[in-house]
Amino acid sequence: MSKLHLLPSHFNALKNPRTLSPFPWKSPFPKQLQSCPSLSNTIRTRTLCSTAKEKENTKKTKKDPSTKPPWPVEENENSRPKVEYPSGEFEFKEITGWKNFVVKLRMLFALPWERVRKGSVLSMKLRGQISDQLQSRFSSGLSLPQICENFVKATYDPRISGIYLQIEPLNCGWGKVEEIRRHILNFKKSGKFIVGYVPICEEKEYYLGRACGELYIPPSAYVGLYGFTVEASFLGGVFEKIGIEPQVERIGKYKSAGDQLSRKSISKENFVMLTSILENIYGNWLDTVSSYQGKRHDEIENFINEGVYKVDRLKEEGWITDIHYDDEVISMLKERLGQKDKNLRTVDYRKYSRVRNWTLGLAGGKDQIAIIRASGSISRVRSPLNLSSSGVIGEQFIEKIRSVKEAKKYKAVIIRIDSPGGDALASDLMWREIRLLAESKPVVASMSDVAASGGYYMAMAAGTIVAENLTLTGSIGVVTGKFSLNKLYEKIGFNKETISRGRYAELLAAEQRPFRPDEAELFAKSAQNAYKQFRDKAAFSRSMTVDQMEEIAQGRVWTGKDAASLGLVDAVGGLSQAVAIAKQKANIPQDKQVKLVEVSKPSPSLPEIISGIGNSLFGVDRTLKEILQDLTSSDGVQARMEGIMFERLGGASFGNPIFQLIKDCLSSY
């Protein structure tokens, strides 16, 4: 079962109240949560069916002529033209003739690490976190671009007879799951076999495994197809007992981070938003599984609601192909391929990732499309402990944008985003550079698991936005605040005196008292002003009126499907559709092959090499690198999606949020 957690906290402010800003988008979460590389990268979703229908009337906010933005805001409701976008659907074309001869010649003289025995099976194990960035060979993690590339190479590689896909518990979002599923279906068009093996059968794992066509699980498999749930945690009562008063200014009624700090129960707006997201996830899962099974929705729901945990039931009802241990599946594949060797001929994920596209005749054409990836939390500059693959560094990203803009060889650009946001200044500066780039060549934004708040800020600068069906996006809103600790100080006998000059000098410095009325008024006005800037730029970027954008902003998180119907994104699809749209915008024929150039290829740094060795020798998980990143502080305004945080560790799905509270409180002194 999958579980979505809402984890509130900003306990680092107890240690340093200046970590809260009077400006917008400053996250009220501790750095431990802020550094989460992606909203759904850290989620384990366990979900129950929710049948509540969303009913909501959003009030329009009147525009204040005194705060008219310095950029033109389009007033025409139908100003954004409706365009027919190509689907980018994969079509398998067998390599024949002279090209086939050249490919065989290249394989004959391939480098040692590119050689694969004929009749081999590509063995890939999907487990844990999956990054949207390219990974160096020293990295221990899985990379979505390399996983997808391996599927494409195996499709055309005459040495590969099929794929054996082992799917362990996944710790990524539904956007990446959908992209992998799409490549599984594309591979099957080659006529080669793909066999799935799932020892722990939950919703995401079954969703991918069933796409293989053949799915096997062991007799002792853990079966957890129980549905989906979403949980919201609130600290209002905890703060009240210990003498902490959160003074939260939330602009956007769906900005739930403020609720988590100040409320004791869920608000109506937050309930509506979370229910809508949950229904989208559950509905998509039902649609896909029912199409696999050839059954109606109600039949699938009835099966789930029975609480099936026995493996035999899955086989009886046709949910799996058969019940086999891993060695039995391997023996079956040997027999199918007629191999007499003692062991099945296999090539693993890492070795096959080193096989070049050029060797297989897949290097692309003369026309080049640049791909710039923005994955993880956004910051303006690199901190001392930043690894080269950690987050989106604004300065570096802008350098890449400018280099691509100046390079005439690139016909179009794809900005691939997998980010919940971060530093607002960095987001705005990148927004500006992407807009300038879009004036010189076509720019398409492609969303992965999440592109919300600062992540959406970047995306809305592109000419066209493509999102996955269950991408989490939007979150155009502001939340900020500080903690008043006067009652806590009284309880523990602590006193603090502040000497200041300037009427508002103590706005953030005086955590030992609540805001004065004039301070609260200034605080609210600054947050409101920041929200208007964010909202109005979104309206300008999406060719909407301010009133139209106000109805769908207010901090609300949308799925890609809903965002498309509201005009926040243009098309629902994956990276392949983004490429097809980029070709369309650049006047490149759809049947013409293009070369996709990754602008930021991974270069191993010393910490990565050390951590890679550590993984090999001591089994140190890549989470250690994230913890190192979490130790660094983040100053300045934040444009980050708050409220929906997924658990960092796959094994922590049963964790109690109160433990996080205690840990953060202890670390604050």
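**Burial, sheet order and helix packing in a predicted model**

Modeller: Of the 669 residues of the protein, 57% count as buried, a word that stands for under 20% relative accessible area, with exposed meaning over 50% and partly exposed anything in between (1.4 Å probe, protein chains only). This is a predicted model, in which local features need pLDDT of at least 70 and side-chain atom pairs count only at pLDDT 80 or more, while totals for chains, interfaces and linings use all residues. Residues are numbered from 1 along each chain as its sequence is written, and side-chain values use heavy atoms, with hydrogens and water left out.

Biologist: What makes β13 and β14 the edges of their sheet?

Modeller: The open sheet has six strands in the order β13-β9-β7-β6-β3-β14, with parallel pairing, where pairing requires at least two DSSP bridges between two strands. Since β13 (322-323) and β14 (346-348) each have a single partner strand, one side of each is left without a neighbour in the sheet. Strand β9 (residues 214-217) is joined to β13 by two bridges, with the strands running parallel, and Y216 has D322 as its bridge partner in β13.

Biologist: Which strands of the sheet does helix α4 touch?

Modeller: Helix α4 (residues 144-156) packs against β3 (120-128), β6 (160-170) and β7 (193-197), and its direction makes about 160° with that of β3.

Biologist: How do you know that β6 is largely enclosed?

Modeller: Nine of its eleven residues are buried, and β6 is therefore largely enclosed by the rest of the structure.

Biologist: Why are α4 and α5 described as roughly parallel?

Modeller: Their axes, lines fitted to C-alpha atoms over the stretch in contact, with angles from 0 to 180 degrees between N-to-C directions, cross at roughly 5° and come within 9 Å, α5 covering residues 174-188. Angles under 35 degrees count as roughly parallel, over 145 as roughly antiparallel, 65 to 115 as roughly perpendicular and the rest as oblique, so α4 is roughly parallel to α5. The contact involves L144, I147, C148, F151, V152, A154 and T155 of α4, with K176, E179, I180, H183, I184 and F187 on the α5 side. These contact residues comprise nine nonpolar, two polar and two charged, where Ala, Val, Leu, Ile, Met, Phe, Trp, Tyr, Cys and Pro are nonpolar, Asp, Glu, Lys and Arg charged, and the others, Gly among them, polar.

Biologist: At what angle do α6 and α9 pack, and which residues make the contact?

Modeller: Helix α6 (residues 203-211) and helix α9 (residues 268-293) pack at about 35°, with axes 11 Å apart. The residues in contact are E203, Y206, Y207, R210 and A211 of α6 and N284, W285, T288, V289, Y292 and Q293 of α9, which divide into six nonpolar, three polar and two charged.

Biologist: Why is G574 called buried?

Modeller: Its relative accessibility is 2%, and G574 therefore counts as buried. G574 lies in the loop between β25 (571-572) and α21 and, leaving aside neighbours within four places in sequence, is in contact with E179, R182, S446, V466 and E468. Its C-alpha atom is 8.2 Å from that of E178, 396 residues apart along the chain.

Biologist: What makes H324 partly exposed?

Modeller: H324 has a relative accessibility of 22% and so counts as partly exposed. H324 sits in the loop between β13 and α12 (326-337), and its contacts, not counting residues up to four places away in sequence, are Y197, Y216, I217, P218, P219 and V329. From H324 to P219 the C-alpha distance is 6.7 Å, across 105 residues of sequence.

Biologist: Why does N587 count as exposed?

Modeller: With 70% relative accessibility, N587 counts as exposed. N587 is in the loop between α21 (575-585) and β26 (595-598), and has a positive phi of about 60° although it is not a glycine.

Conventions. Helices (H or I, at least four residues) and strands (E, at least two) are DSSP runs, numbered from the N terminus. Contact means heavy atoms within 4.5 Å.
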